[in-house]
Amino acid sequence: MEKTVQGSPAAQAPKKKGFLDLFLGGGKKGLNMWFNNMMPSIVVGGLLISLINETGLIDLIGVVLGPVMGIFGLPGEAAVLWVGSFMTMSIGILGALPLIESGVLTMEHVTILLPMIMATTAPAKIIRMAGVAGADGKTLKLSYLMMFLCSILAGLMTRVITLIF
Amino acid sequence: METVEKKEKVGISGYAWFLLALLFFSGAFRGAPAPLNLLDLSTYLGSFGTIVEGAAPGILGKGGSGLNNLFLTCFTIAPGVMFSVAFMEAVEYYGGLKAAGKLLTPLLRPLMGVPGESALVMICNLQSSDTSAAMIKSLYDSKTINAVQQGILLAFCLPGPALLGMMISYGVMLYPYLLYGSGIVIVTVLLSKFIVANLMRIILMGGGKNNKKPAAQEV
C-alpha cells in the first residue's frame, strides 16, 4: 500500500464528505445490509413458514387463537405471524406475503399487523441489550413484559385508527 | 462521552434534514401532485413493470410459494433498502438526528421522568439496538441517571429497537399493502414505547423501596 502524501486532498478527506460520496457510501452500506443480513434470514423464515403451512399447524393456530386476534380485528391465521415475530421478525414479515396473496390478509389487516410486528424483539437481542445496559434480572423481566405490552398497544392503536378513518 | 455530545451545536441545516427525513419516511406526500411528491420516498423508488398481463409487478410472477418466492420477494426490496439507508446516512451526516435529540431534550423530564441527556439514547434507538443499550449503561455509570431511570430507558429501548432500520429493511416488503403512509407504523410504535416506558416508571417507583440498587437523588 502506498503512503498518502501529507497535505494532499486525500489526507484531509475524512473530515468532510461530498453529498454524492455520502449517498454512494450509504447505498453500499444498504446493499451490504440487504445481502448479508436480510437475504440469509429468508432461509430460516422460509423453513419455519413452510413447516407451519405444510403440517396444517397454521389452521390449528388460526382456530385456537382466532378469538384473541379478533380483538385486533385480525383473522386467526395472523396469530402465527405475530407469535413468530417474537422469535424472529422475518417470520412475521415474510409469512404475511403468502397470506396477502391468498386473500386471508387485507390491507386493513396489514396496517394493524405491521406495527405489532415492528414492536417485537427477539429474546436473544433482549438479553443482550439488557446485559449491555447493565440492567438487573428484575428489570430484564419487566422489560420483556413491557415489550409484549408495547406490541399489543401498537396493534390496538392502529385498530382504532383504521376504525375511525 | 455525554458531556461532549451535550455541547455539540445543531445548525439550521440539521433541523431541515430532520424535517426532510420526517416527511420522507412518513409517506405524508405519497401520491401528492408534482413538486410535492419530491418529498416522498416512493417517488424515487418508482415501480416495477409487469412482464405479462396479470402478473405481479417485477420478476415475482404470480402464484409462487416457499423459499423460491421469498428469494424473489427479498430480491425486489434491494433498491428500497439501498436508497433508504443512503438517505439516512445523509440525514445523520448533516446533523438531522442530533437536531431531533435537541428538540426532544426539554420534553423528556415531564414526559418520561428521565433527564434531557437521555434524548440521544432514544434517537439512537431508532437506528441501532446495542448502541442505545451501551449509552444507557454509560449514563448510569456516570450517575446521570439512577437505577429507576435506567429501567425506564430500557423499557423504551427494548420494544422494536432500530425501528427505522427495521422499517426500511423488513417493513418495506409490506409497504404496498398499507392503508396509510408508513409514518402511521412509526408513530404508533413510538407512542406505545412511550406508554410502556411510563408504565415501567410507575412500577419501578412503586417498588422503589425494595430496589437493591441505591437509587440516586431525584426520580
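## Helix α5 of chain A

In this predicted model, α5(A) is mostly covered, with ten of its 13 residues buried, where buried means that 20 or more other C-beta atoms, placed from the backbone, lie within 10 Å of a residue's own; helices are DSSP runs of H or I of at least four residues, numbered from the N terminus. Among the buried residues are Met89(A), Ile93(A), Leu97(A) and Leu99(A). The cover over the buried residues of α5(A) includes α2, α4 (78-85) and α6 of chain A as well as α4 (66-76) and α10 (163-169) of chain B. Just after α5(A), Gly103(A) adopts a positive phi of about 85°.

As to conventions, residues are numbered from 1 along each chain as its sequence is written, and chains are lettered from A in the order in which they are written. Because the model is predicted, local features need pLDDT of at least 70 and side-chain atom pairs count only at pLDDT 80 or more, whereas totals for chains, interfaces and linings use all residues.

## The side of chain A that touches chain B

In chain A, 60 residues are in contact with 58 residues of chain B, a contact being two residues whose C-beta atoms, placed from the backbone, lie within 7 Å. On the chain A side, α2 (19-54), α5 (89-101), α6 (107-118), α7 (123-133) and α8 (137-164) each supply at least two residues, and the largest share, 17 residues, comes from α2(A).

## A loop glycine in chain B

Gly49(B) lies in the loop between α3 (41-45) and α4 of chain B. Gly49(B) is exposed, because 8 other C-beta atoms lie within 10 Å and the limit for exposed is 12 or fewer. Ile59(B), ten residues apart from Gly49(B) in sequence, is 8.8 Å apart from Gly49(B) in space, C-alpha to C-alpha.
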